Amino acid sequence: WRKRHAGNVADIILDHCGKLCAGPWNYDIKKSCKVCIKFLVRAVLGACAIACVNKWLAQQGIMLAVGINPVTLLTTGSLGFSGVALLYGILLLKIL
C-alpha cells in the first residue's frame, strides 16, 4: 500500500473518502477531485511556508513580509512553492 501511494496526498485522501459514485463517469469525477485536492494542498502548504518565512525574516530583523490573502493562496495553489518564491521575488523587487 505504501509503495503505491508514496507521497501522493491526493490519492490517499481519495482512497479514504471512498468512491463518490459508481459508473463510467467515476474516472472523470475522481480526476477532477484529485486536481482540486492537489490545489488545496498546495495552497495550504504555501500559506504555511509564507507564514514560516515571514516569521524567520522578522526574527532576522528583515522587514519583508508577504501577506496571506486570496491572491497569494491562488498563486501558491496553482504554482506551488515556486509561487512562494515568486511572491517574495516580486516583493523584493518592489523595495529596490
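Leaving aside neighbours within four places in sequence, T72 is in contact (heavy atoms within 4.5 Å) with I50, V66, G67 and L87. The model is predicted, with local features needing pLDDT of at least 70 and side-chain atom pairs counting only at pLDDT 80 or more, while totals for chains, interfaces and linings use all residues. Residues are numbered from 1 along each chain as its sequence is written, and side-chain values use heavy atoms, with hydrogens and water left out.

**Exercise 1.** Determine where T72 lies and whether T72 is buried or exposed.

Solution.
- Step 1: T72 belongs to helix α3, residues 70–79; helices are DSSP runs of H or I with at least four residues, numbered from the N terminus.
- Step 2: T72 is buried because its relative accessibility is 7%; the cut-offs are under 20% for buried, over 50% for exposed and partly exposed in between, with a 1.4 Å probe and protein chains only.
- Step 3: The buried residues of α3 are T72, T75, T76 and G77.

**Exercise 2.** Find what N69 does at the start of α3.

Solution.
- Step 1: A side-chain oxygen of N69 comes to within 3.0 Å of the backbone nitrogen of V71.
- Step 2: The backbone oxygen of N69 is 2.8 Å from a polar side-chain atom of T72.
- Step 3: Just after α3, G80 has a positive phi of about 80°.

**Exercise 3.** Classify L96 as buried or exposed.

Solution.
- Step 1: L96 is in the segment after α4 (81–95).
- Step 2: L96 counts as exposed because its relative accessibility is 78%.

Methods: Helix = DSSP H or I, 4+ residues; strand = E, 2+ residues; numbered from the N terminus. Polar contact = N/O pair within 3.5 Å; in protein donor to acceptor, adjacent residues only side chain to side chain.
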